[in-house]
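Please read them with the structure open.

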Amino acid sequence: MTRIGLKKSVRAKTVDSTVTSPERSNTDSAKKRQKSSKTTSTNQPKPTELSETISSQTEQTSEISALPIPTPVEAICNSREFNDYVQVLKAIVPNNNNHPILCNILIEAEPKSQQLQLTAYNLEFGMQVSFDATVNQPGSLTLPVTILADILGKFPQGRLTINSEVTIPKGNKAANTPPSITATLSMPRSQHVIRGLIASEFPTIPPVNHKLFSLPASTLIGVLKGSLFAVSLNEAKRIITGVNFKLSYDAERGINRLRIWTTDGHRIAMILGLSESNNEANHWLEEAVEFTVPAKVLKLLERNLNPTERVAIYYDGSAEQAAKYVAFCCQNWQMTTQLLEGNYPPCNQIVDPYRSELKYQIIVERLALVRALERLATHSDKSHVTVGLEFDSQQQQIRASITNAISSGQEIIAAKIDGDKLRVKLDIRYLIDTVKAVTTSDLRMLLASSLAPVLIVPFGTPISGEAAIESEYAIAPQE
């Protein structure tokens with residue numbers, strides 16, 4: 001699948017020379033839909049008020065006598081490009097939702113820019129993408145994403161024509177019935193018709209206008225890859241199902257800095273990313289900004305980032321008011337998400353008390369350790385997931401072992417060990433995930449005692465194809 005923003009010919013709507021403005025894109029779309037529906041409400045929908053939001057918008061759009069007739073759309077685009085973006089947006093649309101409009105994507109044909117803009121929004125987070133098209137008749141409509149994605153996935157590459165038709169109900173009983181929308185997707189020897197809904201029913205993504213700064217997408221990809229594995233899956237502790245961002249200005253280096261924390265209560269990941277200099281006039285942060293983003297949003301973001309581009313981060317908070325939304329913007333797309341509420345655990349307070357006591361140091365080849373642990377993991381089950389690590393400074397080796405009711409295993413890994421003999425027990429699943437996240441040829445393990453958290457940091461040369469990232473991981477020992 002094409003990564004978002006990969007197409008170089010896209011004419012993006014930007015604030016500067018490299019990033020799309022969420023303020024301009026969101027505001028323009030909102031004005032168009034508000035003008036067509038002649039509504040005066042400017043309240044943004046909240047995820048916790050899903051029924052009220054949809055009901056309110058349905059009431060507004062049910063007054064058909066006050067609504068103009070939707071304009072039919074006619075546009076021509078590349079079928080493969082259209083399909084790639086729809087497949088990405090499909091991941092945002094909720095399954096089996098009680099409100100049909102949320103199962104649709106909004107399609108807007110813009111004649112001035114000669115682009116199609118696609119929007120998916122589930123009232124928690126949403127994405128907008130734009131790509132080149134020939135717009136013969138401007139307008140907008142929404143189509144169910146499931147059948148649209150299935151049809152587009154079967155089309156060959158080529159010119160795809162999109163035509164929509166509007167049917168006005170007749171008779172007295174149809175006075176409060178909205179117009180029906182159908183879209184015809186045509187290619188040589190293929191013609192498929194899909195029934196949709198009017199665009200004025202589609203909820204508006206909240207505008208996020210305050211730009212923090214931009215950084216290379218490759219840096220953000222590396223930061224997310226190195227941290228998302230440690231996010232909690234326990235919805236009862238919702239704040240740690242997210243990723244904690246802290247953006248600040250590093251006066252000593254003269255650059256902006258992004259620090260990320262993730263934890264599930266058993267392990268911690270801390271990653272740093274720096275905004276490299278570029279030709280654009282970047283924004284320097286006047287004060288530190290901190291917020292927590294749902295991990296499910298960042299997983300989708302990480303999969304679709306183009307590493308050759310830059311990402312701008314926007315948010316809607318201020319010194320007086322905490323942010324509720326944040327937006328990540330690239331060349332021709334933007335993703336906006338609601339933030340998680342609450343205070344993220346102070347992860348540094350878990351490790352910092354032991355830093356002065358880290359007298360044991362072990363340096364080991366990362367790949368050799370991963371392979372040994374994966375072989376041992378074949379003996380693990382739901383009740384036996386603990387691996388014992390014995391650090392032998394005399395033999396300069398790590399002896400790893402695991403035992404369950406019916407099998408056992410032992411691996412010996414060469415290492416450089418500084419300190420007395422020590423043994424520690426760790427969850428083998430957590431250890432494997434952490435070792436795989438390290439982006440250097442070797443890693444360094446630091447310990448204070450067999451009962452203190454094990455600190456793991458990169459060591460050696462960066463792995464080929466991976467950016468060198470400053471990171472630190474901690475794993476709680478098993479009793």
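Is the crossing of helix 3 and helix 4 left-handed or right-handed? It is left-handed. The points below start from that pair. Keep in mind throughout that this is a predicted model.

1. **The helix pair.** Helix 3 covers residues 79–90, and helix 4 covers residues 145–154. The two pack at an angle of about 145 degrees. Their axes are 9 Å apart. Helix 3 brings F82, N83, V86, Q87 and K90 to the contact. Helix 4 brings V145, L148, A149, D150, L152 and G153. By type, the residues of this contact are six nonpolar, three polar and two charged.

2. Five strands make an open sheet, in the order 5-1-7-8-9. Their pairing is antiparallel. Strand 5 (134–137) and strand 9 (190–196) are the edges, and each pairs on one side only. From one strand to the next, the twist averages 20 degrees. Strand 1 (residues 74–78) pairs with strand 5 over three bridges. To find that pairing on screen, look for I76, whose bridge partner in strand 5 is T134.

3. **How the helices sit on the sheet.** Helix 3 lies across strand 1, strand 7 (159–167) and strand 8 (180–187). Its direction is at about 90 degrees to strand 1. Helix 4 also packs on the sheet, where it touches strand 7, strand 8 and strand 9. The direction of helix 4 makes about 170 degrees with that of strand 9.

4. How many residues of strand 15 are buried? Six of its six residues are. This strand spans residues 310–315. Both of its faces are covered. R310, A312 and Y314 are buried on one side, and V311, I313 and Y315 on the other. Strand 15 has antiparallel neighbours. Strand 10 (residues 210–216) is joined to it by six bridges, and strand 16 (residues 325–329) by four. Y315 is a handy landmark. H210 stands opposite Y315, and V326 is the bridge partner of Y315 in strand 16.

5. **Helix 5.** This helix (residues 217–225) is mostly covered, with seven of its nine residues buried. The buried residues are A217, T219, L220, I221, G222, V223 and L224. What do they pack against? Their partners are strand 10, strand 12 (255–263), strand 13 (267–274), helix 6 (295–304), strand 15 and strand 16.

6. **A buried arginine.** R267 lies in strand 13. Why do we call R267 buried? Its relative accessible area is 7%, and buried means under 20%. Leaving aside neighbours within four places in sequence, R267 is in contact with F229, A230, T262, R429, Y430, D433, A474 and I475. The C-alpha atoms of R267 and L431 are separated by 9.1 Å, although these residues are 164 apart along the chain.

7. **Two positive phi values.** Most residues other than glycine have a negative phi. Q114 has a phi near 55 degrees. It sits in the loop between strand 2 (104–110) and strand 3 (115–121). R189 has a phi near 70 degrees. R189 is in the loop between strand 8 and strand 9. Q114 counts as partly exposed, at 23% relative accessibility. R189 is exposed, with a relative accessible area of 90%.

8. **The chain overall.** The protein chain has nine helices and 25 strands. Of its 479 residues, 53% are buried. Among contacts between residues at least 6 apart in sequence, 71% join residues at least 24 apart. The accessible surface comes to about 22,600 Å², and 47% of that belongs to carbon and sulfur atoms.

Note on methods:
Residues numbered from 1 in each chain as written. Predicted model: local features only at pLDDT ≥ 70, side-chain atom pairs only at ≥ 80, totals over all residues. Heavy atoms only, no water. Pairing = 2+ DSSP bridges. Axes fitted to C-alpha atoms, helices over the stretch in contact; angles between N-to-C directions. Contact = heavy atoms within 4.5 Å. Left-handed = near helix turned anticlockwise from the far one by under 90°. Nonpolar A, V, L, I, M, F, W, Y, C, P; charged D, E, K, R; others polar. Buried < 20%, exposed > 50% of the residue type's maximum accessible area, 1.4 Å probe, protein only. Areas by Shrake-Rupley, 256 points an atom, 1.4 Å probe, with all protein chains shown as cover.
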